[in-house]
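Visitor: Please walk me through this model. I would like the numbers with their cut-offs.

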Amino acid sequence: MLARLWSAALAGVEGQPVQVEVDLRPGLPAFDVVGLPGTAVLESRNRVRAALRNSGFEMPLGRVTINLAPAGLRKEGPLFDLPMAAGILVAMGVGSPERARGHGFLGELGLDGTLRPVSGVLAAAEALKGHVQAVVVPEANGPEAALAGLPALAFRHLKEVATFLRGGPAPPPARALASPSQPLGPALERVAGQEGAKRALEVAAAGGHALVMIGPPGVGKTLLASRLGELLPDLAPEEAYEVTKIHSIAGLLPPHGGLIRRPPVRAVHPSVGAAALLGGGVPPRPGEVTLAHRGVLFLDELPEFPAQVLDGLRQPLETGWIEVSRARYHVRFPARFLLVAAGNPCPCGQWGFGECRCSDGQLARYRRRLSGPIKDRVDLWVPVEPPSGKALFQEPAGETERVLARIRAARERQAQRYGPGGLNATAAVDLHQLAAQPAVRRLVERAMEARLISARGAVRLLRVARTLADLDGSDTLQEEHAAEALQYRRPPW
Ligand SMILES: Nc1ncnc2c1ncn2[C@@H]1O[C@H](COP(=O)(O)OP(=O)(O)OP(=O)(O)O)[C@@H](O)[C@H]1O
Ligand SMILES: [Mg+2]
């Protein structure tokens, strides 16, 4: 007898519908899975066999063949346990083929028949829209699956799924959940002084411009950078959905987790490998740049990162995407993040700020870590001096609230002008429009002639200036905005 039902496979950060066909035939006992199954899918056979037995069903005698179609698509992960077990039940005559066909099945099985949560449920459920009337998922995946817009039926045990297949009542659909929204904490008040750096954080948060803070040890760079995430407003609904999908595929959504509403913040250590930062492996998994999509990527001790790892950031910083290619795969992961980094100006930490004791060779080696193309993609270079003793004991009140209000207003202006996502989301900008004021144009031309900035630098400078004007509540980009933006475009070496 033949049974057919729907499940889904994951490719990159998207799901693809997969038809699971189960054929039972008399003959020598065998259990085959065909249709490009990965290792975890082949291991499913052992889990499915044990789970069926421990749910009160004997594996059918004879030949079991499971086909996962389309055959050209690679199937990875344990989420095919449940559709395989359900398909076998239906092929054995337990349950109605119609009921099985109208539902999508996703989930891992424990040997005792319990349903275990799997990653990537949101993308998988989304792929099944239009194919099924509801998805059947493990209980802990219920709130996530419900986000896809299909009714999500959440079960705890294979026995319950068998009863449902036999025509038992469906449980009430799982309710979609969302994580808490923006808290209003004293993000900036905890950092004494550092007005210049705080202003740069405000500009970065308002316009999504890459920011690097350079200064001697112990002046608050790490402290400042780690506050940036709190300055970003909640994600727009489409962004939240996209971010949740990515984090689910990466296995970072907690059980019973729902929509991620806050921009993610990913802090990365200099020992990170290229694959962990940029994505990679077989099958390719999203890297930190993708996990930071629509949020913050924080690289502390920037000059300590290997140069070739940093160079991998060139593509995503320019395009908002990263392409990961392996022999058998080619995927494009979203990677539009706000880069914030901190570092010392030299190995001893004092160059340009105090008395530097480094040799010329040490300085040269240290500086080579940051390639020209990376430096060119940073919009805000901020020197951070030690705060005064007096500043350390002052308590500036209401600072964060004022900054957040300006950021919110600036983002609203940008969204009105450029659509949701603001300036950063639009690939091309109209240079003539940005530099409509002759004084602005002259300033940019002079900076280019003096070799202070590249052509890319000019475009990026104008974008920063646009953000500064928006923070200022000004519709016209004035010379003063361009001048401030130019000040920020100064790498320390
Ligand atoms: N401006 C500041 N306001 C309040 N506390 C500060 C400030 N600067 C430094 N501190 C205190 O010093 C600690 C170290 O600061 P932080 O780690 O930010 O220094 P850093 O500039 O990143 O130094 P390094 O270059 O060594 O990494 C902080 O945890 C905080 O307790
Ligand atoms: Mg630090």
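**Overall build**

Guide: Of the 493 residues in the protein chain, 47% are buried. A residue is buried if 20 or more other C-beta atoms lie within 10 Å of its own, exposed if 12 or fewer, and partly exposed in between, with C-beta atoms placed from the backbone. This is a predicted model: local features need pLDDT of at least 70, side-chain atom pairs count only at pLDDT 80 or more, and totals for chains, interfaces and linings use all residues. Residues are numbered from 1 along each chain as its sequence is written, and chains are lettered from A and ligands numbered from 1 in the order in which they are written.

Visitor: How many helices and strands does the protein chain have?

Guide: Helices (H or I, at least four residues) and strands (E, at least two) are DSSP runs, numbered from the N terminus. The C-alpha atoms of the chain fill a box of roughly 80 × 45 × 45 Å along the principal axes. The secondary structure comes to 22 helices and 16 strands.

Visitor: Among contacts between residues at least 6 apart in sequence, what percentage join residues at least 24 apart?

Guide: Two residues are in contact if their C-beta atoms, placed from the backbone, lie within 7 Å. Among contacts between residues at least 6 apart in sequence, the share joining residues at least 24 apart is 74%.

**Domains**

Visitor: What distance separates the centres of domain 1 and domain 2?

Guide: Domain bounds come from an automatic or database domain assignment. That assignment gives domain 1 (2-165), domain 2 (195-419) and domain 3 (428-493). Taken over C-alpha atoms, the centres of domain 1 and domain 2 are separated by 40 Å.

Visitor: Which element gives the largest share of the side of domain 1 that touches domain 2?

Guide: The contact takes 16 residues from domain 1 and 20 residues from domain 2. On the domain 1 side, β1 (2-11), α4 (121-127) and α5 (142-145) give two or more residues. The largest share, three residues, comes from α4.

Visitor: Which helix gives the most to the shell around ligand 1?

Guide: A residue is near a molecule if its C-beta atom, placed from the backbone, lies within 6 Å of it. 15 residues surround ligand 1, and the closest are Ala192, Pro217, Gly220, Lys221 and Thr222. The shell divides into seven nonpolar, seven polar and one charged. With three residues, the helix that gives the most is α8 (residues 221-225).

**Sheet and hairpin**

Visitor: Which residue in β14 stands opposite Val324?

Guide: Strand β13 (residues 321-325) has a covered face, Ile322 and Val324, and an uncovered one, Trp321, Glu323 and Ser325. Five bridges join β13 to the antiparallel strand β14 (residues 330-334). A hairpin of four residues links the two. Opposite Val324 stands Val331.

**Loops**

Visitor: Is Arg451 buried or exposed?

Guide: Arg451 is found in the loop between α20 and α21. Its phi is near 60 degrees, a positive value in a residue other than glycine. With 7 C-beta neighbours inside 10 Å, Arg451 counts as exposed.

Visitor: What separates the C-alpha atoms of Ser454 and Asp376?

Guide: Ser454 is found in the loop between α20 (438-449) and α21 (455-471). Ser454 is partly exposed, with 15 other C-beta atoms within 10 Å. Ser454 and Asp376 are 78 residues apart along the chain, and their C-alpha atoms are separated by 7.7 Å.

Visitor: Which residue does a cis peptide bond join to Pro70?

Guide: Pro70 lies in the loop between β4 (63-69) and α2 (81-91). Omega is about 5 degrees for the cis bond, and the partner of Pro70 is Ala69.

Technical notes:
Nonpolar A, V, L, I, M, F, W, Y, C, P; charged D, E, K, R; others polar. Pairing = 2+ DSSP bridges.
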